[in-house]
Amino acid sequence: LSIAISVISIGLVAFATELALRGWIVERVLELSPGSPVLPVLVGALAEALITHGDPPVRIASIIFGVGLGWLYIAGNRSVVASASARIVFQCGAFLLEALRVV
């Protein structure tokens, strides 16, 4: 039961993070720079690196992950469903792997 509650809370936080990073930040930059979506995707990825805790390699990995999620957001017709789903699956998988390591 505790794993199910943890997965639900991880899913809610992941969805809220995508709403903030892609649904708000990337959208605002898209409004300011019409044309190529490269700059908005990079700004969203950099914002993700700024809120990520860890050493520089962790932050670089979060930039790469953020670029991937940003392109999913753009390819998904600017809907957070695809990027949020990918983030939820990734973070729940990471949590379950950590749980298995502890057990």
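Q: Is Glu 27 buried or exposed?
A: Burial is read from relative accessible area, with under 20% counting as buried. In this predicted model, Glu 27 has 12%, so it is buried.

Q: Which side chain meets Glu 27 in a salt bridge?
A: Side chains of opposite charge can pair when their charged atoms come close. Here the partner is Arg 78, at 2.6 Å from N to O. Arg 78 is partly exposed, at 45% relative accessibility.

Q: Where in the chain do Arg 78 and Glu 27 lie?
A: Arg 78 sits in the loop between helix 3 and helix 4 (80–102). Glu 27 belongs to helix 1. The pair links distant parts of the chain, 51 residues apart.

Q: How many salt bridges does the structure hold?
A: Seven. One of them joins Arg 87 and Glu 48, at 2.7 Å from N to O. Arg 87 is in helix 4 and Glu 48 in helix 2, so this bridge ties together parts 39 residues apart in sequence. Both residues are buried. They also belong to a salt-bridge network with Glu 18 and Arg 22.

Q: Which residues make up the largest nonpolar core?
A: In soluble globular proteins, nonpolar side chains tend to be buried together. Here the six are Val 26, Leu 30, Val 41, Tyr 73, Ile 74 and Val 80. Helix 1 (2–32) and helix 3 (56–75) each give two or more residues to this core.

Q: What does Val 80 touch, not counting residues up to four places away in sequence?
A: Its contacts include Phe 15, Leu 19 and Tyr 73. Glu 18 and Arg 22 are also among them.

Note on methods. Residues are numbered from 1 along each chain as its sequence is written. This is a predicted model: local features need pLDDT of at least 70, side-chain atom pairs count only at pLDDT 80 or more; totals for chains, interfaces and linings use all residues. Side-chain values use heavy atoms; hydrogens and water are left out. A nonpolar core is a set of buried Ala, Val, Leu, Ile, Met, Phe, Trp, Tyr and Cys residues joined through side-chain atoms within 4.5 Å. Buried means under 20% relative accessible area, exposed over 50%, partly exposed in between (1.4 Å probe, protein chains only). Helices (H or I, at least four residues) and strands (E, at least two) are DSSP runs, numbered from the N terminus. Contact means heavy atoms within 4.5 Å. A salt bridge is a side-chain nitrogen of Lys or Arg within 4 Å of a carboxyl oxygen of Asp or Glu.
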